[in-house]
Amino acid sequence: MPRLAIFASGNGSNAQRIAEYFEGHPSVSIRLILSNNPAAFVLKRAAALGIPSEVFSRNTFYDTGRIPALLRENGIDFIILAGFLWLIPPGILAAFPGRIINIHPALLPKYGGKGMYGMRVHEAVIAAGEPESGITIHHVDECYDEGKIIFQARCPVSPADTPETLAEKIHQLEYRYFAEVVEKIVTSDE
Ligand code: GRF
């Protein structure tokens, strides 16, 4: 019975989509939503969804055992990063080997790495004249956006696209695939 925690830093539309997908699921449950950002809209979504949430500071995240303890207390098996901007500290990586999954709004290994998040990704894709972009769902390691790729889906980039229209296309791919791919991974060793 896999129990999941979602980490998100901002809006949280993917977090919400995942939570709704697993509502009433026979085995998978979303137990916690955690954020580094006290102003993140994802916290309002968590409250509306009835999912416990917690905000942590940089110091708590990197220099204390609070988050691993919280994950342990809640029996968390997998961590899903849905728009989470901080690097995962070694203690959490070690406690969840192969069990932390991220989504990136481009076709890695291109357009990833430190500072490549949000609109910056879509701006870079358009500036480079790429004919296509997409999403990458991947395992998380100690570097930004470098873990083993699990799944990619693509969409065309047209000359008329702006970073905003491309972001919308990417969101549609995320909503369509992320929860399903997570379901496959977390139920594969049940
Ligand atoms: C998504 O595009 C995701 O790929 C990226 O951050 C964005 C989060 O959007 N990692 P939201 O907060 O889920 O709306």
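Which strands does helix 7 (residues 163–187) lie across? Helix 7 lies across strand 1, strand 4, strand 5, strand 6 (132–139) and strand 7, and runs at about 155° to strand 7. This is a predicted model, in which local features need pLDDT of at least 70 and side-chain atom pairs count only at pLDDT 80 or more, while totals for chains, interfaces and linings use all residues. Residues are numbered from 1 along each chain as its sequence is written, and side-chain values use heavy atoms, with hydrogens and water left out.

- Seven strands form an open sheet in the order 3-2-1-4-5-6-7, with mixed pairing; strands (E, at least two residues) and helices (H or I, at least four residues) are DSSP runs numbered from the N terminus.
- Strand 3 (53–55) and strand 7 (149–156) are the edge strands, and each pairs on one side only; two strands pair if DSSP finds at least two bridges between them.
- From one strand to the next, the twist averages 20°; axes are lines fitted to C-alpha atoms, for helices over the stretch in contact, and angles run from 0 to 180 degrees between N-to-C directions.
- Strand 4 (residues 78–81) and strand 5 run parallel and are joined by three bridges.
- Strand 5 pairs with strand 6 in the antiparallel sense over four bridges, and Ile103 stands opposite Ile137 in strand 6.
- Strand 6 and strand 7 run antiparallel, joined by seven bridges, with Thr136 opposite Gln152 in strand 7.
- Strand 6 is largely enclosed by the rest of the structure, because six of its eight residues are buried; buried means under 20% relative accessible area, exposed over 50%, and partly exposed in between (1.4 Å probe, protein chains only).

**Helices**

- Helix 4 (residues 66–73) lies across strand 1 (3–7), strand 2 (29–35), strand 3 and strand 4, and its direction is at about 165° to strand 2.
- In helix 1 (residues 13–22), the buried residues are Ser13, Asn14, Ala15, Ile18, Ala19 and Phe22.
- These buried residues of helix 1 pack against strand 1, strand 2, helix 2 (41–49), strand 4 and helix 7.

- Asn102 belongs to strand 5 (residues 100–104) and is buried, with a relative accessible area of 8%.
- The bridge partner of Leu81 in strand 5 is Asn102.
- Not counting residues up to four places away in sequence, Asn102 touches Leu81, Thr136, Ile137, His138, Val140, Asp145 and Phe178; contact means heavy atoms within 4.5 Å.
- Ile150, in strand 7, is partly exposed at a relative accessible area of 29%.
- With residues up to four places away in sequence left out, Ile150 touches Ile101, Ile137, His138, His139, Val181 and Ile185.
- Ile150 and Ile103 are 47 residues apart along the chain, and their C-alpha atoms are separated by 9.9 Å.

**Ligand site**

- Around the ligand are Asn11, Gly12, Ser13, Asn14, Gly83, Ile103, His104, Pro105, His171 and Glu174, each with a heavy atom within 4 Å of it.
- Oxygen atoms of the ligand lie 3.3 Å from a polar side-chain atom of Asn11, 2.7 Å from a polar backbone atom of Gly12 and 2.5 Å from a polar side-chain atom of Ser13.
- The ligand taken alone exposes 360 Å², of which the protein buries 84%; accessible areas come from the Shrake-Rupley method with a 1.4 Å probe, and for residues only the protein chains shown count as cover.

Technical notes. A polar contact is a pair of N or O atoms within 3.5 Å; within protein, one must be able to donate a hydrogen and the other to accept it, and residues adjacent in sequence count only if both atoms are side-chain atoms.
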